[in-house]
Structures are given as C-alpha cells and as structure tokens.
Amino acid sequence: MQRTYEIMFIVRPDILDEDLDKLIAGLEGNITQGGGSIKSMEKLGRRKLAYMVKKFNDGNYVLLTIHADGSLVGEIERRLRVSEPVIKFISVRMDEEEKRVAKIKAIRATRKKLSAQPAAPAPAPAPVEPAAAPAATEAASA
Amino acid sequence: MADETSTPSAPSTSRPEGSGPASSGPGGRPPGGRPGGPGGGGRKFFRRKKVCKFCVEKIDAIHYRDVRLLQQFVAERGKIVPRRLTGVCTTHQRGLARAIKQARNIALLPFAARY
C-alpha cells in the first residue's frame, strides 16, 4: 500500500556539492526503482545542529517527500544507515496527518456556511470566498 | 487550577505565586511567557485568560520542521513547556509534544541545551 512519507536526513557538512547531488540522485533512483515516486525534493541547506552529531556541529539538511510502500521505506532507511556521509535521518508518515487536516478544513468550511446562511441568505456567496481564502493561506503556511 | 479561575482582583497576587515555583530554574523564561502573552492583555480586563495559540491562529498541522513555532513552546533548557503555563489545548499539546520530539531526533531542537 502506497503512503506518503517524509524523509529528512542530514549529510555531513564537509561533503562537496557534486557528491551531495550524486547521493540524492542515487537515493531517488532507489525509490523509483522500488516502485515509489518522489513528490518533492528540497535541499534545506546548511544548518547548525542543535547538538553534536558524530562530532559535527552543522549539517546539510535534505528533505524528501515520497509516495512509497512501507517495505520500500525500510529499504531506504537501511541505505541511509549504511551510507557514510549521512549522519542522521528521520522518516515520518504523513498521509494520516494530511487526512486529518483535510477533515478539519472540511468541517470548518461547512460550519462557516451554516453560520452564514441563516443570518443573510442573499450575500451567501460572499462569505464563501473569505472562507476559501484563509484555507488557501493555511495550506501555504502548512 | 485555583490560579486559573481566580477572581478579578486576585491575578495580580496569584500570578507571581503561580510563576514563582514553576520557573525556579530559568527565571521568567521567555518561551513560556510568550504564549501566555495574551494574559498580559487579559489583565487589562481584570481576567487572565490563556488561549490556545493553535486554535486561535487555526494552525492545524504542527510540523516538526517549523522550528520557529516549536521553539516558543520549549523552555531555555529544551524542556517542553507544560500546558498549564502556555494555555495550549490538550489536542494541540499532544501534537506539539510529538513534533518537538521528532524535531529533537533530527537535531533541529536540543534534547538539553548546554550552558
């Protein structure tokens, strides 16, 4: 079963840019070969670590959002664990959270409509638009 | 709990009492104070009412990546600030705690800040 996962990993800071790109490309190849798909790849850049990891104080953060099976995620985790430049990683399942957020948004939208209708039936289309606009901004911020 | 529901005249006296033992280590910690910030405004109306930041600002997903947001709910030493100080509702505190723990795992937040 395909689910959405977020895999964030930290690459050691003394790696060259080409090597980092190569590493990411290799990982993406693994994901696509294993039957998954990549939704987005984001290099968050160099950041100071909150604590020392393998004697490094900064690291290159990379964020991968993928659509994959649980077994494939296990395989990716194994690869991250054995690949030497990767010093830390985390994989988080996102689909349930997304579903929950979508549900909340749907409930909020219906509630706004209900409150708008009995008060004033005529300007009903107007309140719908402001209701949609905050939802869009929330999506952007989230 | 008595502090939360205290009578209008009480907050000025109960506030230092309540915050005294809680912030014995990091005195008047800013992260705890900021979400309780509306309390300062509330005192103007003679009632301190804490509100859940996530409910008010309609932040649905508490994500481990937005360190800026999570940092407001972490004390100086890296502790998760309790709900009774920040006013966050139960549902959101649960999500918040999870996000903070995930952020700690990926070194975005410290487990314990060093001095």
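Please bear in mind throughout that the model is predicted.

I begin with the helices. Two packed helices are described by the angle between their axes and the distance between the axes. In chain A, helix 1 covers residues 17-33 and helix 2 covers residues 70-82; their axes come within 10 Å and cross at roughly 155°. An angle over 145 degrees counts as roughly antiparallel, and helix 1 and helix 2 of chain A are therefore roughly antiparallel to each other. Their crossing is right-handed. Helix 1 of chain A contributes A:Leu27, A:Asn30 and A:Ile31 to the contact, while helix 2 of chain A contributes A:Leu72, A:Ile76 and A:Arg79. By class, four of these residues are nonpolar, one is polar and one is charged.

I turn now to chain B. B:Leu70 lies in helix 5, residues 67-71. Is B:Leu70 buried or exposed? It is buried, because 22 other C-beta atoms lie within 10 Å. Beyond its neighbours within four places in sequence, B:Leu70 is in contact with B:Ala99, B:Ile100, B:Ala103 and B:Leu109. Of these, B:Leu109 is 39 residues away in sequence, with a C-alpha to C-alpha separation of 8.6 Å.

Finally, the lysines. Most residues other than glycine have a negative phi. A:Lys54, however, has a positive phi of about 50°. It sits in the loop between strand 2 and strand 3 of chain A and, with 10 C-beta neighbours inside 10 Å, counts as exposed. B:Lys58 also has a positive phi, near 55°. B:Lys58 belongs to the loop between helix 4 and helix 5 of chain B, and its 14 C-beta neighbours inside 10 Å make it partly exposed.

Key. Residues are numbered from 1 along each chain as its sequence is written. Chains are lettered from A and ligands numbered from 1 in the order in which they are written. This is a predicted model: local features need pLDDT of at least 70, side-chain atom pairs count only at pLDDT 80 or more; totals for chains, interfaces and linings use all residues. Axes are lines fitted to C-alpha atoms, for helices over the stretch in contact, and angles run from 0 to 180 degrees between N-to-C directions. Helices (H or I, at least four residues) and strands (E, at least two) are DSSP runs, numbered from the N terminus. Angles under 35 degrees count as roughly parallel, over 145 as roughly antiparallel, 65 to 115 as roughly perpendicular and the rest as oblique. A crossing is left-handed if the near helix is turned anticlockwise from the far one by less than a right angle, and right-handed if clockwise. Two residues are in contact if their C-beta atoms, placed from the backbone, lie within 7 Å. Ala, Val, Leu, Ile, Met, Phe, Trp, Tyr, Cys and Pro count as nonpolar, Asp, Glu, Lys and Arg as charged, and the others, Gly among them, as polar. A residue is buried if 20 or more other C-beta atoms lie within 10 Å of its own, exposed if 12 or fewer, and partly exposed in between; C-beta atoms are placed from the backbone.
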